[in-house]
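Here are some questions and answers for a reader who is meeting this structure for the first time.

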Amino acid sequence: MRILIAEGERYQADMLVRLLKHTGYTTDVVSDGQSCIEWAATGIYDALILDMKIRGTDGFAVSETLRAQNNHIPILMLTANNILADRIRGLNNGVDYCLGKPFESAELLACLAAILRRCAVLLPSTLALFDLTLNPSSLELGCGEKYTRLNARETAIMRLLIINSSRILPKETILVKIWGYDAAVTDNNVEAYISFLRKKLALLQSKVRIATYWGLGYRLEEKT
């Protein structure tokens, strides 16, 4: 899993990177609030660890902006001195959990795992968009009474497109989320799987198409 760390203090950021990498997470670090909002919008991160005193703004404004953008990334906020008012304000601004400083490494890892599990549970087992239904557990894509089987990677890409149907999904996001950051794949791999999925949609006679926005990415749209 890939975690975005928004922390302005270099020492604290390095500590979090070492801790999370040792536990098996992949990490990226930003040091200011605007960069945090922009990076989180890419959709490649499974969770955000956000310092309340992030440079340029504060964690409350960042979390509020992300939720206003309909970004449901799980957020673990780190608050100074474990102040109750800060924890309450964070939770009211869309934060999933507030952890006071100083904290034990084991506690941070447990909190991170908890919000990842909780947000995974909140996702429905069957996803629907327009005339399509997707069942990731059975690898089935349906349209009305018709169903077709997908392979695991096709299912993962279709799931990603449905969840992000309100925005254009960049190729880079699909590459990182489906194949991983260091995988030896190119844009051609994404294009090939998009082609496979378009054939499946045509087979189902669905009203949904995968629209290409050149230079930007893909989005599911209803045919007009």
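Q: Are α7 and α8 roughly parallel or roughly perpendicular to each other?
A: This is a predicted model. In it, α7 and α8 pack with their axes 9 Å apart, at an angle of about 90°. Angles of 65 to 115 degrees count as roughly perpendicular. The two helices, α7 and α8, are therefore roughly perpendicular.

Q: How many nonpolar, polar and charged residues make up the contact of α7 with α8?
A: On the α7 side the contact is made by K171, I174, L175 and W179, and on the α8 side by D187, N189, V190, E191 and Y193. Sorted by type, the residues of the contact of α7 with α8 are five nonpolar, one polar and three charged.

Q: Is α6 roughly parallel or roughly perpendicular to α8?
A: The axes of α6 and α8 cross at roughly 80° and come within 10 Å. Because the range for roughly perpendicular is 65 to 115 degrees, α6 is, relative to α8, roughly perpendicular.

Q: Which residues of α8 make the contact with α6?
A: From α6, the contact is made by R153, E154, I157, M158 and L161. The residues of the contact of α6 with α8 divide into eight nonpolar, no polar and three charged. On the α8 side they are Y193, I194, F196, L197, K200 and L201.

Q: Which element supplies the largest share of the largest nonpolar core?
A: This core has 27 residues, and I157, M158 and I174 touch the most other members. Elements that each supply at least two residues include β6, β10, α6 and α7. The largest share, six residues, comes from α8.

Q: How many residues are in the other core?
A: Another core lies apart from the largest one, and its members include A6, I44, I54 and L66. Its residue count is 22.

Q: Which residues does I157 touch, not counting residues up to four places away in sequence?
A: I157 is one of the residues that touch the most other members of the largest nonpolar core. It is also part of the contact of α6 with α8. Beyond its sequence neighbours up to four places away, I157 touches I174, I178, W179, Y193, I194 and L197.

Q: Is α2 roughly parallel or roughly perpendicular to α3?
A: Helix α2 covers residues 33–40 and helix α3 covers residues 59–68; their axes come within 10 Å and cross at roughly 25°. Because angles under 35 degrees fall in the parallel class, α2 is, relative to α3, roughly parallel.

Q: Is the crossing of α2 and α3 left-handed or right-handed?
A: In this pair, G33, C36, I37 and A40 of α2 meet V62, T65 and L66 of α3. These residues divide into five nonpolar, two polar and no charged. The crossing in which α2 passes α3 is right-handed.

Q: Is S206 buried or exposed?
A: S206 lies in the loop between α8 and β10. Beyond residues up to four places away in sequence, S206 touches D131, L132, C143, L201 and K223. With a relative accessible area of 4%, S206 is buried.

Q: Is T148 buried or exposed?
A: T148 belongs to strand β9. Leaving aside neighbours within four places in sequence, T148 is in contact with L139, E140, L141, K200, L203 and L204. At 10% relative accessibility, T148 counts as buried.

Note on methods
Residues numbered from 1 in each chain as written. Predicted model: local features only at pLDDT ≥ 70, side-chain atom pairs only at ≥ 80, totals over all residues. Heavy atoms only, no water. Axes fitted to C-alpha atoms, helices over the stretch in contact; angles between N-to-C directions. Helix = DSSP H or I, 4+ residues; strand = E, 2+ residues; numbered from the N terminus. Parallel < 35°, antiparallel > 145°, perpendicular 65-115°, else oblique. Left-handed = near helix turned anticlockwise from the far one by under 90°. Contact = heavy atoms within 4.5 Å. Nonpolar A, V, L, I, M, F, W, Y, C, P; charged D, E, K, R; others polar. Core = buried A, V, L, I, M, F, W, Y, C linked by side-chain atoms within 4.5 Å. Buried < 20%, exposed > 50% of the residue type's maximum accessible area, 1.4 Å probe, protein only.
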